[in-house]
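Have the sequence handy as you read.

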Amino acid sequence: MLRHTETYDLEAGVLTLTTPVRDGPDLFRIAERLNPKRAFLFVSTILGRHIPVDPAKHRAVLQQLADGVLTHLLPGPVFVMGFAETAVGIGAGVFDCLRMADPDRDMGYLTTTRFAPAGAREWFRIEESHSHAVDHLIFEPAPGVLHHGPDATLVIVDDEATTGATFAKLAAGLKAQGLSFGRLVLVTLTDWSDGKAGDAVGGIFKDADIFSVTAQNGTWSWSPDRTKTPRALPGACDPSVAAWVPDAAQEFAAPRLGLSSREDRQSGEDILSSLQQNGLEWPSTGDRILVVGAGEHVWQPMLAAEALRERGFYTRFITTTRSPILPGDTIRHKLSFPDHYGQGFWMYMHNVVPSDWDRILFFTETGADGLCDTLLSALGQIDVIDGIGAISVLKPMEGKP
């Protein structure tokens with residue numbers, strides 16, 4: 001296989017990537033981040049986290065990954081897991097494609113989270129050592145979500161793999177709960193582990209087969225510049241609202257207690273119909289629409305964006321993030337603002353130029369009250385969809401500092 005090597009001279013050192021020569025554009029770009037544990041970031045071009053993405057292209061990659069998973073499934077049920085915050089949506093998306101391809105099979109999806117839903121029982125937690133937010137909480141799944149056993153397949157989805165350490169920690173946490181699986185499938189948009197991810201989980205479920213599915217792979221090496229002091233993570237900010245507690249029963253929310261194939265599938269058309277019933281002013285023909293998710297609340301906004309595109313609107317999708325990245329060739333526009341969860345951390349929106357859009361639909365679990373003037377002043381008028389599906393049309397002067 002032909003391979004291509006490219007070197008990136010970054011502020012904190014030199015990153016060298018070797019990837020197979022492939023048709024079509026690469027699925028990532030390189031950026032520098034404010035994190036002394038790892039100074040670089042693989043920025044996906046189709047994830048919708050840092051670069052607005054065509055929802056049809058996003059769905060196509062999800063389907064590609066799911067097709068790969070389908071070839072590795074055992075005959076029994078399937079349990080899919082994703083990681084907060086970056087892989088909540090693609091985990092849900094792979095699960096969504098799998099359940100549509102095999103509707104008679106029992107399947108469930110569960111994501112890690114950084115927020116504790118009211119009344120939920122914590123199952124276990126893990127740490128992601130190189131992350132900007134290390135703690136991952138895993139809550140006891142709702143009925144019909146968890147499936148395991150010798151004929152069951154565990155599918156773990158992340159945006160990327162570099163060492164496989166986070167995969168291994170999650171697998172070990174599941175085993176500690178007494179679960180067993182006959183097969184594990186590790187799914188990524190980009191796999192830089194050179195087989196290390198599979199090796200990392202291989203000894204945890206000792207009798208399980210291990211497979212990997214990725215949209216693009218390669219290897220990397222990092223040579224830090226020892227003369228430079230690594231940039232520190234951003235400090236805390238003053239909470240602008242009271243601390244938010246998720247309500248797992250609300251209509252629009254991240255799937256912190258899971259999704260089950262035994263329940264009816266929610267579509268983007270379902271979401272648009274609900275919003276129209278709640279008073280959403282319908283876009284005009286020719287409007288360019290940006291759909292924004294917030295943090296872990298990513299899957300339902302993506303479905304809404306997908307449905308808008310299918311109705312003929314020019315639509316792109318992106319989410320806000322906690323990931324601190326330096327501006328540069330990949331991150332051309334960056335907005336920083338206090339979180340609307342009352343936790344005292346900075347959030348960011350990348351590569352969004354508000355004048356490019358006629359309508360911006362902003363999905364947030366927390367409600368419109370917590371969105372600060374910094375965000376509203378930058379975006380201008382937006383339609384805010386909160387966790388119960390209520391719609392508020394906000395302008396900069398209506399925000400709270």
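## Helix 1 and helix 6

Helix 1 and helix 6 (residues 299-310) pack with their axes 9 Å apart, at an angle of about 120°. Helices here are DSSP runs of H or I, at least four residues, and strands are E runs of at least two, both numbered from the N terminus. Axes are lines fitted to C-alpha atoms, for helices over the stretch in contact, with angles from 0 to 180 degrees between N-to-C directions.

Contact means heavy atoms within 4.5 Å. On the helix 1 side you'll find Pro55, Ala56, His58, Arg59 and Leu62, and they touch Trp299, Met302, Leu303, Ala305, Glu306 and Arg309 of helix 6.

This is a predicted model: local features need pLDDT of at least 70, side-chain atom pairs count only at pLDDT 80 or more, and totals for chains, interfaces and linings use all residues. Residues are numbered from 1 along each chain as its sequence is written, and side-chain values use heavy atoms, leaving out hydrogens and water.

## Helix 1 and helix 2

Helix 1 (residues 55-70) also meets helix 2 (residues 88-101): their axes come within 8 Å and cross at roughly 60°. Among the residues in this contact are Leu62 and Val69 from helix 1, plus Ile90 and Val94 from helix 2.

Now for the strands: 3 of them make an open, antiparallel sheet in the order 1-2-12. Strand 1 (3-10) and strand 12 (219-224) are at the edges with a single partner strand each, so one side of each has no neighbour in the sheet. Strands pair if DSSP finds at least two bridges between them; strand 1 and strand 2 (residues 13-20) are joined by 8 bridges.
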